[in-house]
Amino acid sequence: MSGKIGAAPTSLSEEAKAKWRELTAESKWGAVLTVCDRDLMAQYCALSARKVKADAMIAEHGELVAGKDGVPIVNPWVGISDKAWSGMFSIARELGGTPKSRERMSGGKGAEGDKPDEPAPLSDPSVDEFEGMSEAEIEALMSGDIGALN
């Protein structure tokens with residue numbers, strides 16, 4: 001068992017379970033996490049695995065891919081990566097995984113005028129990465145079959 005939070009849920013992928021083991025070690029978040037934090041930690045680990053997969057797909061296919069009619073579009077995996085990161089950041093703030101959240105949890109006071117933790121924008125939020133894609137294309141993308149998009 002990993003600390004007070006327990007072992008990783010069996011529903012997590014192997015990549016997500018590896019992240020669970022890493023973060024729930026007593027030297028990391030495991031010293032403070034409890035069974036009440038399991039769902040948040042499971043979601044964090046699932047999002048981490050999704051981000052790793054998305055980043056691998058971006059590395060393999062580039063940030064731009066051919067869209068309909070061969071016109072370059074932002075690779076939809078960029079949006080998936082960005083959304084996973086945003087979710088991870090939100091959960092990390094709740095679990096004490098950012099410097100400011102650890103300070104707040106320990107009762108420390110930040111400097112006057114400090115702003116809440118905010119992730120840096122990773123892409124243009126006005127770009128809908130699925131715009132113009134059919135349901136079959138989105139399904140192929142989500143399964144990792146980029147070749148099916150052409």
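## Contacts and overall layout

Contacts are heavy atoms within 4.5 Å. Among contacts in the protein chain with a separation of 6 or more, 53% join residues 24 or more positions apart. The model is predicted: local features need pLDDT of at least 70, side-chain atom pairs count only at pLDDT 80 or more, and totals for chains, interfaces and linings use all residues. Residues are numbered from 1 along each chain as its sequence is written, and side-chain values use heavy atoms, with hydrogens and water left out.

The protein chain holds 5 helices and 2 strands. Both are DSSP runs numbered from the N terminus: helices are H or I, at least four residues, and strands are E, at least two. From the N terminus, the order is α-α-β-β-α-α-α.

## Burial and surface

Of 150 residues in the protein chain, 35% are buried. Buried means under 20% relative accessible area, exposed means over 50%, and partly exposed lies in between (1.4 Å probe, protein chains only).

## Nonpolar cores

In soluble globular proteins, nonpolar side chains tend to be buried together. A nonpolar core here is a set of buried Ala, Val, Leu, Ile, Met, Phe, Trp, Tyr and Cys residues joined through side-chain atoms within 4.5 Å. The largest has 19 residues; Leu 12, Trp 20, Trp 29, Met 41 and Tyr 44 touch the most other members. Helix 1 (14-23), helix 2 (38-61) and helix 3 (76-95) each supply at least two residues of this core. Helix 2 gives the most, 6 residues.

A second, separate core has 6 residues, including Ile 58, Trp 77, Val 78 and Ile 80.

## Salt bridges

A salt bridge puts a side-chain nitrogen of Lys or Arg within 4 Å of a carboxyl oxygen of Asp or Glu. The count is 3. Glu 14 and Lys 17 pair at 3.6 Å, N to O. Both lie in helix 1, 3 residues apart, about one turn. Glu 14 is exposed at 54% relative accessibility, whereas Lys 17 is buried at 17%.

Lys 19 and Glu 22 pair at 3.4 Å, N to O. They too lie in helix 1, 3 residues apart. Glu 22 is partly exposed at 38%. In helix 2, Lys 51 and Asp 55 are 4 residues apart, about one helical turn. Their side chains meet at 2.9 Å, N to O. Lys 51 is buried at 17%; Asp 55 is partly exposed at 32%.
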